[in-house]
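Reader: Could we go through the salt bridges and the cavities of this model?

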Amino acid sequence: MGTVNIISEGDNSTVICHKSQIGRHGYFKDNSELELEKSFIDELRSLGYKYIKISNEKDLKSNARKQLEKLNSYEFSDSEWENFYKDHLSPKSLYEGTKVIQENSTIDFRDDSGVLHNIKLIDKPNLPKNSCQVIEQFRDKGGKNRYDVTILVNGLPLVQIELKKAGVNLQEAYNQTGRYKKESFGGLYNFIQLFVISNETYTKYYSSTIKDKAFESKNTGEGIKPYKFASCWADQSNEHIDDLASFTETFFAKHTLLSILTRYCVFTSGDNEDRELLVMRPYQITATERILSKINSALENGGFGKGMPGGYIWHTTGSGKTLTSFKAATLAGQMRDLYKVVFVVDRQDLDYQTITEYNKYKEGSVDYNGNTKTLKNHLLDTDANHKLVVTTIQKLSRLLGDKWKSDLDKIRNKNFVFIFDECHRSQAGKMHAQIASNFKSSILFGFTGTPIFNSSKEVINLEGNIVQGTTEAIFGDCLHSYTIKDAINDKNVLPFSYSFCGDSSKKNADLNSPARRGAVVEYVLKNFRSKTHYPAFNSLFATDSIASARGYYEEFKRQQEGIDPKERLKIALIYSISPNKEDESDGEVSENDREFLRRVVKEDYNSLFGENRDLKSAGDDIQEYYRDVSKKMREKQLDMTIVVNMFLTGFDAKRLNTFWVDKDLKSYNLIQAFSRTNRIFNEKKCNGVIVSFRDMEDKMNEAFKLYGDNSNAVRDIVILRSYKEQMQGYIDKDGKWQEGYLARLEDFRKKYAPGKTPIGESTKKQFICDWNEILKERNVLSEEEEFKKDDPLAVGECQSYMSTYLEIRDEFEKISQDGKTPEGVVFEIELLSQREVNVDYILSLIGKEKIPQEELENFLMSNLEFRNKAHLITEFASHWKQGAQAPFDSENIRRIFYDYCKQKQEKRLDEIIGENNLKEDKTKKLMKKALEEGGLSRTGKEFDAIFPAKNIFDPDTAEEKDRVYEELKNYMDEFMIPA
């Protein structure tokens, strides 16, 4: 780790300076959840929270009235209160409640006399004026759920805490809050902003609106698993505050909690229910407050100087710098004495990406500066609502040149804040000198994941002195650091697996020879599916020059010519073809290079995606192409993009997991490039995969040491153990032997026989936990092609264990529906998906008679996607064999299969309609829509309309609807066939 001078803050910060300041350490040490709850509430009372007994909606509503009257110094009449409650305090969803708290917390209200009042739900500028209360065991209207502890702010429930006794898996508490949201939240509880979960030893917090995408598409296991985004609390030095007692004293300090709720949450823009509340992490809050403190201090002490260095934030790539910079910029923009906050990026594709992200955080917060003239107009705009400007360093440099000098005369003496993204790339002293000469009162901040600690370049600093071009020399002191080691420890980014594919003894080999290039491409095509968990993720391939990138593109194209077009990898090529040297990122570009890329786009890219692009100019056309490639990589429409330098810094795509590299990288360039792969996505993505065709082991170790903690031990955190060590075991840094996969698998086999379901709930739970660990290990090891031959677990044996796992899951799901969820059970659904298993694969097994009927059934029962369709598919297999079909043809068997399914589907639906006396037309219309949309909703008029008219007070009506809903849901599970 480089030597940095980190600024520290005082006691007024939202995040505690040092963990040592906590008055109480350790645990409450209670034996039951009720005892833990009592101790927790006692601690809250000592922090100034008032404990009140409220257990139902009526009392909650009455208390809210008292607290809001007190806050606003206004007494509602009964009719006024009922109208206010109905119109403003009855959100229909968490989305509506969050929108009120975050965006509309001051409400215009007319009293009975017609007089207008501004009723505050929260006094955001004056936090001490807000009342904080705590209640316990609140019961929902139906009496199905009770919520452990709830924090009321001015009578409104804003934070719900779920407690578990020590030893219980914390994810169980997370799952429970998810069930509350789905089953019973309503009324005032739709104002909940945050959840806190704890098993006394570990405590986390997260937003109430986080989307459980893995749950929403549980048949595929696709999507982000939100539990990964539950955050740890920490001090300003990033030291965890995990135990509930310490967490309570710091996180639940009233100033801290209210600051998080009112200042450090961002409600994203978008369409209604798609919006999410993002709650910031402690390092993001600390960085934001240190920037704001620096600005305030400068303003209080005579204002800014000419390009005054404010400091820089060192937060590792992937840790959420964009959100931090957005919050710092928007809060700074609220300062009356500031004229503009200018966010500067170093490339046009990042300009567009940043603007897109900023406008996601707050719609319309910034405009796209298509050219220098537009940038000038935005800087001259005096509208206080347009304080935030995003631009590239190149456009800003042009604006500050001689051509536009006179246009800026009106604003030269106004207070400007400049925030530079990826500031390790914007080291030119010329840029800073331009700002200093054009803006007489300006302060500069930088954000970077990899600051420059040593540089051979010399630059002119803002005082006019020639200095070494380090980040500190340009921007000043480091205001806060959060390194790659911190982020991996916190599970905010993933570690890496690294493998070198080549011969390090051949130092003088021709790295650009056609034979070597052909061998590299052959290796990539052979290993692509295992490395990327195909089709789950995609990859970047980095080369050392445009010539090399072109050569690789042609070689991939040549080697894929003999492959079925449906099976070919979708590959794009990008490099800069701009004639403007300021925009250049990929070295010298010839006209031949430009023409080659134009031809690739026109002939290949357009053909892949049915488009009509033509890179006629190096301006808008090429920028639009870059943006489209970026979008398609994020959406996983591309399998690979070949690059030189573009996309190796700042590019953020969660579906990207593999980096093939055939170029020399070192120091900050290496960290930046590797970090394209380690964004969190789901359980299947457990690490970034680095495959290097040049030996960079030493440079990699040096880089991680520099940007970690300045010790060799950081490598063990950042880089996974080798394949051999993971398989066979290894001696750790403390000299202890750690068993590998082979030994753990052997222990598992001794405990559980394949095909035999464990007896008793505790044994079943242990089986689930043990198989989860095996699944996780297999997921990492399967990235290596040799694991297929090295794995001692036979396919049939693995399928047998998978079937048992899913059988127990089905059993526990039924228990859960009865409200009796077994404690400590977490199913790693995302790890169950079997790559390349789809309808066509299964039909090929049937058509080519490659699998006996019994094995086919076992195979289907072990597959999460096809388990509920096993009976249908095995019946079809018998039908196929008995029908003496023509020789196997994939299109023919597919058509026959879907015709067969349609007949069975229509017959089964007719049976359900007849057995339950449902309305035929309404039911068929409902199920057609449900199958097309992939989900059946039981709320709303469409579901109710399928039933004949009945007395709504008949107690059997609700029971009948529950039963029919389950039948129709099972029908969908059977007949909704994945592609």
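Author: A salt bridge here is a side-chain nitrogen of Lys or Arg within 4 Å of a carboxyl oxygen of Asp or Glu. The model is predicted, so local features need pLDDT of at least 70 and side-chain atom pairs count only at pLDDT 80 or more, while totals for chains, interfaces and linings use all residues. Residues are numbered from 1 along each chain as its sequence is written, and side-chain values use heavy atoms, with hydrogens and water left out.

Reader: How many salt bridges does the search of the whole structure find?

Author: The search finds 51 salt bridges. One of them joins the side chains of Glu-591 and Arg-594, at 3.5 Å from N to O.

Reader: Where do Glu-591 and Arg-594 sit in helix α19?

Author: They are three residues apart in helix α19 (residues 591-609), which means that about one helical turn separates them. Helices are DSSP runs of H or I with at least four residues, numbered from the N terminus.

Reader: Is Arg-594 buried or exposed?

Author: Arg-594 is buried, at 13% relative accessibility, whereas Glu-591 is partly exposed, at 47%. Buried means under 20% relative accessible area, exposed over 50%, and partly exposed in between, with a 1.4 Å probe and protein chains only.

Reader: Which residue does Lys-631 meet in a salt bridge?

Author: Lys-631 meets Glu-635, with 3.2 Å from N to O. Glu-635 is partly exposed at 41% relative accessibility, and Lys-631 is partly exposed at 43%. In another salt bridge, Glu-785 meets Lys-788 at 2.9 Å, N to O; Lys-788 is exposed, with a relative accessible area of 65%.

Reader: Turning to cavities, how many of 30 Å³ or more are found?

Author: Two are found in the whole structure. A cavity is a set of points, on a 1 Å grid over the protein atoms alone, where a 1.4 Å probe fits but cannot get out; lining residues have an atom within 4 Å of a point. Grid points are joined across faces, edges and corners, and a volume is the space filled by probe spheres set on the points.

Reader: What is the volume of the second largest cavity?

Author: Its volume is about 30 Å³, and the largest cavity holds about 70 Å³.

Reader: What lines the second largest cavity?

Author: Val-839, Ile-842, Leu-843, Phe-866, Ile-873 and Phe-897 line the second largest cavity. Helix α29 (residues 839-847) gives the most to this lining, with three residues.

Technical notes:
On a 1 Å grid over the protein atoms alone, a cavity is a set of points where a 1.4 Å probe fits but cannot get out, and a pocket is an open set with protein on both sides within 12 Å along at least five of seven lines; lining residues have an atom within 4 Å of a point. Helices (H or I, at least four residues) and strands (E, at least two) are DSSP runs, numbered from the N terminus.
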